[in-house]
Amino acid sequence: MSFFARSESNAELAGAQLARQATASLAGLLAGLGKTRSDLAKAMGVSPGRVSQIMSGDANLTVRTLAAAAEALGADVEIRFSPRRPDTAVGPSASSGESSPLRGSGIPTRR
């Protein structure tokens, strides 16, 4: 496997992890507010099916979609970039859950 193929694979994995983090955070917010997916769909002006797509964690979520969900719930979205520690790897060869973008998010990760 070439360097570029590995980089693309790592980017896809990181993107999938970020999508799962976003949807888990959104689900937690919904639960905390005592709202349902149907409530979110109505507030966003979209179909319940679209909310299901968003909440699946498999959708390629856009920043605008996340902002629309946050606005509908009266919430804020925070996106930040931070350097990785030198011993942190992304990908299947990572030795622990510490490589996850969920680290430090308050969302539990598996080890």
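Which exposed residues does the face of α4 turned away from its buried side carry? The structure is a predicted model, in which local features need pLDDT of at least 70 and side-chain atom pairs count only at pLDDT 80 or more, whereas totals for chains, interfaces and linings use all residues. Residues are numbered from 1 along each chain as its sequence is written, and side-chain values use heavy atoms, with hydrogens and water left out.

Helices are DSSP runs (H or I, at least four residues) numbered from the N terminus. The face in question carries Val-63, Arg-64 and Glu-71, exposed meaning over 50% relative accessible area and buried under 20% (1.4 Å probe, protein chains only). The buried residues of α4 are Thr-65, Ala-69, Ala-70 and Leu-73; these cover an arc of only 135° around the axis, and therefore lie on the same side of α4, the arc being that of the directions from the helix axis to the C-beta atoms. Gly-74, with a positive phi near 65°, follows α4.

Helix α2 (residues 37-44) packs against helix α4 (residues 63-73) at an angle of about 100°, the axes lying 9 Å apart, where axes are lines fitted to C-alpha atoms over the stretch in contact and angles run from 0 to 180 degrees between N-to-C directions. α2 is therefore roughly perpendicular to α4, a term that covers angles of 65 to 115 degrees. Leu-40, Ala-43 and Met-44 of α2 make the contact with Thr-65, Ala-68, Ala-69, Ala-72 and Leu-73 of α4, contact meaning heavy atoms within 4.5 Å.

Conventions: Helices (H or I, at least four residues) and strands (E, at least two) are DSSP runs, numbered from the N terminus. Angles under 35 degrees count as roughly parallel, over 145 as roughly antiparallel, 65 to 115 as roughly perpendicular and the rest as oblique.
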